[in-house]
Amino acid sequence: MNAAGSGGKGEVKHETPGTSFAAPVVTGAIALLMEHFRGQLGNTEIVKRVVNTANNRGRYAQLEIYGAGLLDLRAALQPVGTLVTGTPSRNGDAMVTGLRMPAAMGAFGHRLAASGVEVASLDDLGAPFWSTPEQFVYTTWLPTLAIPTFVEPESRNRGALHLGFTPGTVDGPMAVNGVQFLLGQDRIGLERAPSDGFRWGMLWDGASWQGGQASGAFGDRVRSMTAWVGRGSRIAINDEWTVRASATMALGRVFLQSGSMLDIDTHALSSWDLGIERGERGHGTWSRLSVSQPLRAESGRGRFTYLAGLRDGAQYYDHATVSLAPEGREVAVAFTHETPIGPGRSVFSAAHAWDAGHEPGRTHSRVGVFYQVNW
């Protein structure tokens with residue numbers, strides 16, 4: 001094998017043939033590779049990697065002159081082929097392995113990383129490469145849009161605390177004695193949610209975990225069950241001012257495929273909202289000032305099983321258990337004002353959240369306007 005050296009910009013590239021010069025360079029490269037792979041690859045595996053990643057194209061294909069080719073340390077340090085990770089019973093392409101968790105869990109992947117977890121993936125030559133668990137377990141935090149959502153007056157009391165906390169779920173075509181059927185893609189449930197009084201509901205979601213999805217070594221399907229109870233209250237101060245309050249507690253259960261990288265406990269969740277309103281929505285000018293906490297996990301733990309690397313040439317796995325409850329608690333203050341203008345209504349909204357996404361120290365603010373013409 002030959003060794004070559006090249007300088008940076010403005011430097012002279014030079015090439016020195018011969019085994020006398022190549023031997024110490026290749027030896028140094030092998031030492032670097034041993035360190036890079038944390039001593040988990042043996043001498044045979046390291047040499048095989050050096051040979052298999054050498055540049056043997058063009059003139060370097062002349063075996064009688066260049067042997068295995070030109071040493072390519074950069075290629076030797078990078079993955080060869082497809083990276084695979086997972087558990088003893090389920091693995092998958094590391095590039096497509098992932099679990100999108102509900103925002104109620106906060107930055108679960110970050111908490112795994114803080115506990116010292118590093119996930120290993122093996123390339124086609126069996127070499128380990130490590131990455132943060134945040135690459136595989138992440139939370140899709142979607143802040144409120146700058147333009148506020150327009151809500152029809154007749155649905156103003158349903159709010160955002162119902163429907164099993166799962167996006168894509170809608171009211172079914174019928175209700176019986178105040179109990180509403182809930183429907184969606186692979187979803188079905190029941191709910192009783194009066195604007196004032198006791199509320200309850202349950203939802204089977206055969207397509208997601210509160211909107212979260214799994215792939216690769218987490219399996220290709222995730223299902224969940226959510227049941228909730230709550231209370232909504234309306235107190236009229238006078239003809240103009242009204243106080244509305246609601247609080248909801250829920251119990252969630254997640255079903256990931258057997259042998260996947262994560263196992264989730266049954267867990268409790270909470271959400272609440274307190275607001276003071278002036279006027280009646282949809283009838284003239286209406287304003288609302290509120291403080292609220294979006295859905296947040298309050299109990300339960302997640303057990304993460306992952307490939308940790310190689311030990312005596314064999315794959316070994318480790319486990320980490322982390323709380324589902326986020327480290328922070330988001331509290332948001334919002335102001336909304338609606339007023340008739342011409343043939344329609346305009347909406348102005350402004351809000352600020354502390355510990356946004358239930359992440360300590362994170363803040364988020366928004367201001368938006370909306371106008372809808374009544375046809």
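This is a predicted model: local features need pLDDT of at least 70, side-chain atom pairs count only at pLDDT 80 or more; totals for chains, interfaces and linings use all residues.
Visitor: What order do the strands of the open sheet follow?
Guide: The open sheet has 11 strands with antiparallel pairing, in the order β9-β10-β11-β12-β14-β15-β17-β18-β21-β22-β23.

Visitor: And which strands stand at the edges?
Guide: Those are β9 and β23, each of which has a single partner strand, so one side of each is left without a neighbour in the sheet. From one strand to the next, the twist averages 15°.

Visitor: How many bridges join β9 to β10?
Guide: Four bridges join β9, residues 170–176, to β10, residues 179–184, and the two strands run antiparallel. Valine 176 has valine 179 in β10 as its bridge partner, and in this hairpin, with two residues between the strands, asparagine 177 takes a positive phi near 55°.

Visitor: Switching to charges, how many salt bridges does the structure hold?
Guide: There are 12 salt bridges in the structure. One of them is formed by arginine 187 and aspartate 205, whose closest N and O atoms are 3.0 Å apart. Arginine 187 lies in β11 and aspartate 205 in β12, so the pair ties together parts that are 18 residues apart in sequence.

Visitor: Are those two buried or exposed?
Guide: Both arginine 187 and aspartate 205 are buried.

Visitor: Which residue forms a salt bridge with arginine 281?
Guide: The partner of arginine 281 is glutamate 338, with the closest N and O atoms 2.5 Å apart. This pair links distant parts of the chain, since arginine 281 sits in the loop between β17 and β18 while glutamate 338 is in β21, 57 residues apart. Arginine 281 counts as buried because its relative accessible area is 10%, under the 20% cut-off, and glutamate 338 is buried at 2%.

Visitor: What about the surface, which residues make the nonpolar patch?
Guide: The patch covers about 870 Å² and is made by Ile237, Trp241, Ile276, Leu289, Val333, Phe335, Phe348, Trp354, Val367 and Val369. The elements that give two or more residues to this patch are β21, β22 and β23. Phenylalanine 335, which is found in β21, is partly exposed, with a relative accessible area of 33%.

Visitor: And serine 349, is that buried or exposed?
Guide: Serine 349, in strand β22, counts as buried at 2% relative accessibility, and a polar contact of 2.6 Å joins its side chain to that of arginine 366.

Methods
Residues are numbered from 1 along each chain as its sequence is written. Side-chain values use heavy atoms; hydrogens and water are left out. Patches are made of residues with over 30% relative accessible area and no salt bridge: like charges are joined within 9 Å, nonpolar side chains (Val, Leu, Ile, Met, Phe, Trp, Tyr) within 5 Å. Accessible areas come from the Shrake-Rupley method with a 1.4 Å probe; for residues, only the protein chains shown count as cover. A salt bridge is a side-chain nitrogen of Lys or Arg within 4 Å of a carboxyl oxygen of Asp or Glu. Buried means under 20% relative accessible area, exposed over 50%, partly exposed in between (1.4 Å probe, protein chains only). A polar contact is a pair of N or O atoms within 3.5 Å; within protein, one must be able to donate a hydrogen and the other to accept it, and residues adjacent in sequence count only if both atoms are side-chain atoms. Two strands pair if DSSP finds at least two bridges between them. Axes are lines fitted to C-alpha atoms, for helices over the stretch in contact, and angles run from 0 to 180 degrees between N-to-C directions.
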